[in-house]
Amino acid sequence: MKVLVPVKRVLDYNLKVRVKPDGSGVDLSNLKMSINPFCEIAVEEAVRMKEGGGGHAKDAATEVIAVSIGPEQAQETIRNALAIGADRGILVKADGEVEPLAVAKILKAVIEAEKPDLVILGKQAIDDDSNQVGQMLAALLDWPQATFASKIVLHAGKATVTREVDGGLQTLDVELPAIVTTDLRLNEPRYASLPNIMKAKKKPIDVKTPADFGVDTAPRIKVLKTAEPGKRSGGIKVKSAAELVGKLKEAGVL
Ligand code: AMP
């Protein structure tokens, strides 16, 4: 079984986001970029399907392909996936922001060429929190989808996916080929070992452009403003439970 994993290069999750002074977007200059954490979980799951582990039979997957759409440096993101255990990569080179619909259209074309049985994406990219690509891709391909997965069990020709939904868990079956998006609790990605980082340098990465797939990446969305969250106003200390109740009443909480 072939598994395709789209991986996005984003600002490292440990860094504080800085908004450009003119509010036109986020300042990414000289900042560390990393693989989107939900994509890392997706790669880990696909690799476990190959190696066995995480409840998957060994060789449940035979090949794992990591795909990234982004600048030349997105090669590093693909190498990250290769170091976890993906077999090969595809970089679709595009400078500037590529919106979720264009990403989904490019992925559709890659999928039509590669014919994977399963596509595992992150539930969202932590840079713009779109949470759109998996769903759009399923619609464009007319494939079943299971979003926010916290467990995936493969059977012949189908996957049983446990989804994290508001207030509980939902379990559903999807026929393969299917789209699955990962939630945080699906697994804990491994640290890539040094030998595997070295091995990853030798794994092949095919380089393409959106034009190779006939996809126009011109933006359709105009960002009007980007702003930092408002500063928290300072807290106060109360001397007694009665004073706390009074303050809560004042604030209209009680
Ligand atoms: P989003 O819908 O943008 O929040 O992203 C959801 C998921 O779609 C990500 O976790 C990735 O798996 C995939 N994705 C989004 N943008 C890209 C990209 N530029 N290249 C590869 N995969 C992407």
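**Entry 1**

I began with Glu44, which is buried at a relative accessible area of 2%. My scale, with a 1.4 Å probe and protein chains only, calls a residue buried under 20% relative accessible area, exposed over 50%, and partly exposed in between. I noted that the model is predicted: local features need pLDDT of at least 70, side-chain atom pairs count only at pLDDT 80 or more, and totals for chains, interfaces and linings use all residues. Residues are numbered from 1 along each chain as its sequence is written, and side-chain values use heavy atoms, with hydrogens and water left out.

Which side chain does Glu44 meet in a salt bridge? I found Arg48, at 2.7 Å from N to O. By salt bridge I mean a side-chain nitrogen of Lys or Arg within 4 Å of a carboxyl oxygen of Asp or Glu. Glu44 and Arg48 sit four residues apart in helix H1 (residues 37-51), so about one helical turn separates them. My helices (H or I, at least four residues) and strands (E, at least two) are DSSP runs, numbered from the N terminus.

**Entry 1: pairs across the chain**

I counted the salt bridges next and got 17 in the structure. I looked up Lys2 and found a salt bridge with Glu114, the closest N and O atoms being 3.1 Å apart. This pair links distant parts of the chain: Lys2 is in strand E1 (residues 2-6) and Glu114 in helix H3 (residues 100-114), 112 residues apart. Glu114 is buried, with 14% relative accessible area. I also traced a network of salt bridges that links Lys2, Glu63, Arg88 and Glu114.

Then I checked Asp128. Its salt bridge goes to Lys8, with the closest N and O atoms 3.7 Å apart. Asp128 lies in the loop between strand E6 (118-122) and helix H4 (133-141), and Lys8 in the loop between E1 and strand E2 (9-11), so the pair ties together parts 120 residues apart in sequence. I logged Asp128 as partly exposed at 32%. Lys8 is partly exposed too, at 23%.

I turned to the second largest pocket, with a volume of about 600 Å³. Of its 20 lining residues, Tyr13, Glu40, Pro189, Arg190 and Tyr191 are the closest to its centre. Strand E3 (33-35), H1 and helix H2 (74-84) each give two or more residues to the lining. A pocket here is an open set of points on a 1 Å grid over the protein atoms alone, where a 1.4 Å probe fits, with protein on both sides within 12 Å along at least five of seven lines; lining residues have an atom within 4 Å of a point. The volume is the space filled by probe spheres set on the points, which are joined across faces, edges and corners.
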